Amino acid sequence: MLVDPVAADAAKLSIGLSDGGLLLLRWRLGVHIQVEDARAAMAQVNEVCQQEQHAMLVDMAAVGSVSREARAVWPIPCSASRIALLGKSPVDRVLAKFFLGVHVPPCPTRFFTSRSEAIDWLGAGA
């Protein structure tokens, strides 16, 4: 259950903090993420966390595409202490592997196809 969810751009994503302190970011179905979207998401993450660090689950299973400029924003440190990228398809895996291979994430980051495994991994770092 989300507490105080924030929609940075209701058409593209939702961000909220679970009762247990897990930050949840979900991109909308088929969204094409541009640099402005990535910056808005980072700003909303920092706003929701209010200067505290939280493990973050990023549901990217529905993403249509991510621009090169948007990918360049994500290595910038934010309020996430660990990031689990959650996807379903081979395309999601390729996007995540490419990002992790080209950019140095600001905190421990891994890709998962299992939500429960992602949450377990996020909890291990708490």
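Predicted model: local features only at pLDDT ≥ 70, side-chain atom pairs only at ≥ 80, totals over all residues.
**View 1. The lining of the largest cavity divides into 22 nonpolar residues, 1 polar and 1 charged.** The structure holds 1 cavity of 30 Å³ or more. About 380 Å³ of space lies in the largest cavity, and of the 24 residues lining it, Trp27, Val58, Trp74, Leu85 and Phe99 are the closest to its centre. Strand 3, helix 1, strand 5, strand 7 and helix 3 (90-102) each bring at least two residues to this lining. Helix 1 gives the largest share, with 4 residues.

**View 2. The largest nonpolar core has 29 residues.** Look here for Leu23, Leu25, Trp27, Val45 and Met56, the residues with the most contacts inside this core. At least two core residues come from each of strand 2 (13-18), strand 3 (23-27), helix 1, strand 5 (54-59), helix 2 (68-73) and strand 7 (80-86). Helix 1 supplies the largest share of the core, 7 residues.

**View 3. Leucine 23 meets residues from several parts of the chain, among them Ile15, Val45 and Met56.** Setting aside neighbours within four places in sequence, the contacts of leucine 23 also include Gly16, Leu17, Val48, Cys49, His54, Ala55 and Leu57. A second, separate core of 10 residues includes Ala55 and Leu57, along with Ala118 and Trp121.

**View 4. Cysteine 49 sits in helix 1 (residues 35-49).** Cysteine 49 counts as buried because its relative accessibility is 3%. If residues up to four places away in sequence are not counted, cysteine 49 touches Leu23, His54 and Ser79.

**View 5. Serine 67 belongs to the loop between strand 6 (65-66) and helix 2.** Leaving out neighbours within four places in sequence, Ile33, Gln34 and Val35 are in contact with serine 67.

Methods
Residues numbered from 1 in each chain as written. Heavy atoms only, no water. Buried < 20%, exposed > 50% of the residue type's maximum accessible area, 1.4 Å probe, protein only. Contact = heavy atoms within 4.5 Å. Core = buried A, V, L, I, M, F, W, Y, C linked by side-chain atoms within 4.5 Å. 1 Å grid on protein atoms, 1.4 Å probe; cavity = no way out; pocket = protein on both sides within 12 Å on 5 of 7 lines; lining within 4 Å. Points joined across faces, edges and corners; volume = space filled by probe spheres on them. Nonpolar A, V, L, I, M, F, W, Y, C, P; charged D, E, K, R; others polar.
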